[in-house]
Amino acid sequence: MSKKSLVVAALIVFVTGAAMLLPMSQRSEDEAEVTVVIEGYAYNPKELTVKVGTTVTWVNNDGTEHSATADDESFDTGLVSEGETASVTFSEPGRYDYHCDPHSFMKGTVVVE
Ligand SMILES: [Cu+2]
């Protein structure tokens with residue numbers, strides 16, 4: 001193999017590798033994951049906007065059990081203990097207002113586009 005064909009071969013490997021990486025990064029964007037932290041009897045962020053197919057994970061950092069319960073009951077994490085997480089995947093666009101079952105003053109919103 002000549003030096004020139006080695007360079008061409010290396011170039012092909014590089015371009016092919018870059019082309020394979022591109023759809024992978026797009027795929028991970030479509031299957032995005034977003035985290036909401038529950039701390040001090042509040043959801044942070046309180047409101048978030050995500051794409052269809054996104055999985056939202058609530059992480060409870062409080063010493064008290066909390067839930068993320070949709071006002072229209074379309075989803076419910078159930079009670080989440082300290083240090084535990086619960087996830088919901090949103091496959092339908094819409095506005096999802098939710099609250100904490102034991103603490104109804106805790107409110108949050110997920111907007112799915
Ligand atoms: Cu709560």
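**Confidence first**

Reply: Where pLDDT is low, the predicted coordinates should not be read in detail. This is a predicted model, in which local features need pLDDT of at least 70 and side-chain atom pairs count only at pLDDT 80 or more, while totals for chains, interfaces and linings use all residues. Residues are numbered from 1 along each chain as its sequence is written.

Me: What does the protein chain average in pLDDT?

Reply: The average is 84, and 73% of the residues score at least 70.

Me: What makes V36 and V110 members of a nonpolar core?

Reply: A nonpolar core is a set of buried Ala, Val, Leu, Ile, Met, Phe, Trp, Tyr and Cys residues joined through C-beta atoms within 7 Å, and buried means that 20 or more other C-beta atoms lie within 10 Å of the residue's own (exposed is 12 or fewer, partly exposed in between, with C-beta atoms placed from the backbone). V36 and V110 belong to the largest such core, which has 13 residues, and they are among those with the most contacts inside it. Strand 1 (33-38), strand 4 (54-60), strand 6 (85-90) and strand 7 (94-99) each supply at least two residues of this core, where strands (E, at least two residues) and helices (H or I, at least four) are DSSP runs numbered from the N terminus. Leaving out residues up to four places away in sequence, V110 touches L48, V50, V56, F90 and Y96.

Me: How do you know that strand 7 and strand 8 pair?

Reply: Two strands pair if DSSP finds at least two bridges between them; strand 7 and strand 8 (residues 107-112) have six, in the antiparallel sense, and therefore meet the definition. Y98 stands opposite G108 in strand 8, and Y98 is also the bridge partner of A70, for strand 5 (residues 69-70) is joined to strand 7 by two antiparallel bridges.

Me: Why are strand 2 and strand 6 placed at the edges?

Reply: The open sheet of four strands has the order 2-1-4-6, with mixed pairing. Strand 2 (43-44) and strand 6 each have a single partner strand, so one side of each is left without a neighbour in the sheet. For strand 2, two antiparallel bridges link it with strand 1, and V37 stands opposite N44.

Definitions and conventions
pLDDT = per-residue confidence, 0-100. Contact = placed C-beta atoms within 7 Å.
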